[in-house]
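Hello,

Here is the structure we talked about passing on. Please open it first, then read the notes below.

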Amino acid sequence: MVAREQGLTEANFSASLGKAVSVGLSLIVTIFFLHNFIPFPLWITPYLILASSLLLLLRKRDSIPRPSKADAWPLFCVLLIGVSLALYFQKFPLFPEYRSVDFQAHVGIVTSYANGGMPSLNSQILYYGVEYVLSLFVLLFGASLHPVFLVRLSMIPLVAVSPLVLFYATSKLFNSHRAAWITTLVYSLSAIVWFTMPFNVGLYPNFYGLLASSLFLIVASIDFIREKMGLSSLFFLALALLNALLSHYTVLSLFLPLTISLILYSKKEKAFK
């Protein structure tokens with residue numbers, strides 16, 4: 001039964017989409033971070049990200065599963081988040097419900113990044129990963145919409161695809177689609193509670209660090225052990241680790257329990273052989 005569930009987990013289209021989102025976000029963060037050491041023109045950043053994504057897609061194209069009826073529930077959760085987003089922005093289309101200095105800070109940081117202004121290296125660690133991601137939106141759409149509005153609106157796609165990221169991670173953690181569906185459904189239905197974090201208070205790094213960075217780091221670490229430390233899993237682990245270290249300082253609380261868990265997991269895998 002466990003083997004059957006694990007096979008289902010690996011061959012699910014929604015989980016593959018969640019992995020693609022996690023890897024894509026990590027690529028964005030990594031390429032922006034490399035600008036500290038290789039001062040390439042930032043306008044080529046979207047093309048670098050697109051080229052990197054296409055290379056990974058071509059490499060993995062044979063292992064991408066087709067959509068099936070099993071994808072209905074995860075995609076339904078994305079629809080739930082979409083409805084919540086539509087209702088919220090219908091009520092607060094331009095400005096958040098509460099005033100917060102965080103919004104002004106994000107606009108300043110993201111605009112500076114998009115214009116090539118990089119702060120000192122140590123100030124970027126454990127906080128600015130999401131700012132890199134939002135900078136990409138400013139590079140792409142900054143000419144048509146002012147950053148004051150664009151930065152907040154750019155969080156919409158990140159929140160919208162978050163159920164897929166959660167479904168991907170929990171599928172790996174639980175080795176069960178049913179457990180992953182339930183977890184993702186509860187997350188999507190509780191959006192009314194946690195919506196205040198990214199959209200009313202402006203805690204972008206907290207949201208990004210918890211969902212996109214921490215979950216991808218956990219899953220990439222598990223894959224690294226499952227695949228016997230192969231080069232492919234090492235690449236994704238390196239991406240996830242850099243993304244996590246640039247996301248939010250709370251990710252540090254993961255390293256000790258994650259290390260212990262991976263040691264125990266590795267021993268368990270050996271015991272079954």
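**What the model shows**

The accessible surface of the protein comes to about 14300 Å². Carbon and sulfur atoms account for 71% of that surface. Keep in mind that this is a predicted model.

**Confidence**

The average pLDDT of the protein is 81. Of the residues, 90% score at least 70. Where pLDDT is low, the predicted coordinates should not be read in detail.

**Overall build**

The protein has 16 helices and zero strands. It has 273 residues, and 46% of them are buried. Take the contacts between residues at least 6 apart in sequence: 77% of these join residues at least 24 apart.

**A helix pair to look at**

Two packed helices are described by the angle between their axes and the distance between the axes. Please look at H7 (residues 129-141) and H14 (residues 204-226). Their axes come within 8 Å and cross at roughly 105°. H7 is therefore roughly perpendicular to H14, since angles of 65 to 115 degrees count as such.

Which residues meet there? On the H7 side they are Gly129, Val130, Val133 and Leu134. On the H14 side they are Tyr204, Pro205 and Tyr208. By class, this contact of H7 with H14 has six nonpolar residues and one polar residue. It has no charged residues.

**Two single residues**

His248 sits in the loop between H15 and helix H16 (252-271). Is His248 buried or exposed? Its relative accessibility is 2%, so His248 counts as buried. What does it touch, leaving aside neighbours within four places in sequence? His248 is in contact with Leu126, Tyr127, Pro205, Asn206 and Gly209. One of these, Pro205, is also among the H14 residues that meet H7.

Ala238 lies in helix H15 (residues 231-245). Ala238 has 45% relative accessibility, so it counts as partly exposed. Buried would need a value under 20%, and exposed a value over 50%. Ala238 and Leu217 are 21 residues apart along the chain. Their C-alpha atoms are separated by 9.0 Å.

**Where to start**

I would open the view at the contact of H7 with H14, around Val133 and Tyr208.

Best wishes

Note on methods: Residues numbered from 1 in each chain as written. Predicted model: local features only at pLDDT ≥ 70, side-chain atom pairs only at ≥ 80, totals over all residues. Heavy atoms only, no water. Axes fitted to C-alpha atoms, helices over the stretch in contact; angles between N-to-C directions. Helix = DSSP H or I, 4+ residues; strand = E, 2+ residues; numbered from the N terminus. Parallel < 35°, antiparallel > 145°, perpendicular 65-115°, else oblique. Contact = heavy atoms within 4.5 Å. Nonpolar A, V, L, I, M, F, W, Y, C, P; charged D, E, K, R; others polar. Buried < 20%, exposed > 50% of the residue type's maximum accessible area, 1.4 Å probe, protein only. Areas by Shrake-Rupley, 256 points an atom, 1.4 Å probe, with all protein chains shown as cover. pLDDT = per-residue confidence, 0-100.
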